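Here's a quick tour of a protein model, written for someone who likes cut-offs spelled out. Have the viewer open and follow along.

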Amino acid sequence: MLQQRRSFRVRLAAGVALVHAVLMALFVAHLVIGQQRFLHERHVQRSMSLTQGIAQHAVNDLLSADLAAAQEIIQGFVSYPELRYAAVLDPTGRIVAHTQLTRVGMYMTDRETRRMLDGPLTAAVLVDDGQVLDVAAPVLWKGKLLGWVRFAAGMEGVNEQLHKVTIEGLGLAALAVALGVVLAVWMARSTTRGLYDLIKVADATGRGDRNVRAAAEHNEIGRLGASFNEMLDALAARENELRAANQELESRVEQRTAALGESEEALVAILEQANDAFVSVSDDGRVVNWNRAAEQTFGWSRQEAIGAPLAELIMPPEMRGMHPGWMRRYLEHGGATRMVDRRAELKGWRRDGTTFPVEVAVRVRNRRDGTRFFDAFMRDISERKSLEAQLQALAMEDALTMLPNRRAALLAIPPAQARAIRSNRKIAILYLDLDGFKAVNDRLGHPAGDEVLRSFARRVKVCVRASDLVARLGGDEFVVLLEGVTDAADVRHVAAKIIDAGSRPYPLGAAIAEISVSAGVRIVDNAEEGDPADLLADADEALYGAKRAGKCRAHVWEPSTPAVKMEAGSEESRSSLPSPTAGFG
């Protein structure tokens, strides 16, 4: 018997420990493989995101052929962990910016570069050999390839993290297996002890001995029967206790109800001191409670308000007819509405006839006799609304020139297009840039540059009508939105005035700043549809043409023909240049 007991215990403990060890081994393997995949995918996603981000930032630099700015972007990644290199290439594979300055101007002719240049215009992983990750992303502008961005980083950090996860996983697995063995031995001993006690009772019963009993502390079946009897005894005792508790609870409820009645006066006193207006209305719409804050907010005294219809005290005349219908529908059908158990903003009305915004929160109170009361807290939010309007205005205004900002300009274009359709006219967008403005900042300082920007804004506003929009997009870039345009001559005249006025000297105390103005013009036909951002981009494209043509002039954007050049102060087009999008130039 003892040998069988030991054999069963050993087999049970060994089986449980083996299953536990196998499960832990599978778990650690799954964890390591999953972590390896996760670390690798995260490294690829991070490198791809950085490469695409560099490509997006390099668009303007490649469009303007500002290779120094592109190099500055690349230099910002020199300290990137495990960086092999980062570079910007033109469409032929020539390096225009590189973390190693000595490689600028060279061509990349390796197999991965050729595959990148001949492949589709999408971001791709070129090299992923477990040691180096090399990714590339195209620099695109309106579907046209401007160049490529290459970014290569080592995998040492990923491999090191994976090794660390593997070591930690093996350690945890070993610890879990050891704990599993201990648990299996304990479980085998505790399980078999009760079984062999039952075997003793069964053997004695088989021999005819009816007096043998298993000890209650060792016989689980016997303890189960005893526990069941104990549970029934405990349940009966619990029912008696619960019956006594219910009687005590009813007595407490009666006492509490009486106490609530006595505290009603204290509640009224609290409501009188509340900062918010409190109004209680019966189910027929008449006021039954009106605190001090309500008197101050709406101008009616408590004596005048009690018993009066609520709608006539706080609602504008044109809205009073809605209140009885709303209460009737709620009382008949119940359910959630936009007024009950939530906050709502409505228009309030004072005794003197003035209206103001008010925030309302309504709760329904049901009484035992079936009647219902509507309790409402109301707050005058005039100051908050005024502050919100001021913040909204600040979000649409340039802090330096007090002109509308880029966001305001983009929001103003669609309404102007709609008005142009109704009036059968056109609109024009003038994209302005100050030539030589950087030299003013470098020579005279940024305060002087700020004064030039403010003076230029004032000069532009003098050159246009009060109904035309003048906005600052940022830096030394401005935009003018002209409405009511009949033909290009109107725009040429306004552009000439702005270029002439903006190019005059700027007195700055003892110094004088001299700049010129270039403009890109986008004329929008009244039947033409276009996204505001795209229209601004077209005007910016025309501005780039004016810059290439020698500055201090304007270009008109055309969809399929070269841009038309207009000299400052001229009424006629004198020459044409290729479209700015023809190349970097």
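Which residues of the largest nonpolar core touch the most other members? In this predicted model, they are Leu430, Leu432, Val452, Phe456, Val480, Leu482 and Ile498, out of 36 residues in that core.

## Ground rules

Numbering starts from 1 along each chain as its sequence is written. The model is predicted, so local features need pLDDT of at least 70 and side-chain atom pairs count only at pLDDT 80 or more, while totals for chains, interfaces and linings use all residues, and side-chain values use heavy atoms, with hydrogens and water left out.

## The overall picture

The protein has 15 helices and 19 strands; these are DSSP runs numbered from the N terminus, with H or I and at least four residues for helices, and E and at least two for strands. Of its 585 residues, 38% count as buried. Buried is under 20% relative accessible area, exposed is over 50%, and partly exposed is in between, using a 1.4 Å probe and protein chains only.

As for contacts (heavy atoms within 4.5 Å), residues 24 or more positions apart account for 57% of those in the protein with a separation of 6 or more.

## Two cores

Back to that core. A nonpolar core here is a set of buried Ala, Val, Leu, Ile, Met, Phe, Trp, Tyr and Cys residues joined through side-chain atoms within 4.5 Å. Leu430 and Ile498 are among the members of the largest one that touch the most others. Elements giving two or more residues to this core include strand S11 (426-435), helix H13 (446-463), strand S13 (477-485) and helix H14 (488-502). H13 gives the most, with 7 residues.

Ile498 touches Leu430, Leu432, Val460, Cys463, Val464 and Val480, leaving aside residues up to four places away in sequence. There's also a second, separate core of 26 residues, which includes Val44, Phe77, Tyr80 and Val139.

## A look along H14

H14 has 15 residues and reaches 21 Å from its first C-alpha to its last, close to the 21 Å expected at 1.5 Å a residue (the expected span is 1.5 Å times one less than the number of residues). Its buried residues include Val491, Val494, Ala495, Ile498 and Ile499, and Arg492 is buried as well.

Lys497 is also found in H14, but this residue is partly exposed, at 35% relative accessible area. Its C-alpha is separated by 9.5 Å from that of Val462, 35 residues apart along the chain.

## Rings and charges

The whole structure holds 6 aromatic pairs. Rings of Phe, Tyr and Trp (its six-membered ring) pair if their centres lie within 6.5 Å, with planes under 30 degrees apart counted as stacked, over 60 as edge-to-face and the rest as tilted. Phe278 and Phe377 make a tilted pair, 5.0 Å centre to centre with 50° between the planes. Phe278 sits in strand S6 (residues 277-282) and Phe377 in strand S10 (residues 372-380), so the pair ties together parts 99 residues apart in sequence. Phe278 is buried at 5% relative accessible area, whereas Phe377 is partly exposed at 34%.

Elsewhere, ring pairs link Phe77, Tyr80 and Phe151 into a cluster. Two arginines also sit over rings: Arg350 lies over the face of Phe356, 3.8 Å from the ring centre, and the charged end of Arg459 is over Tyr506, 3.7 Å from its ring centre. The test for that is NZ of Lys or CZ of Arg within 6 Å of the ring centre and within 35 degrees of the ring normal.
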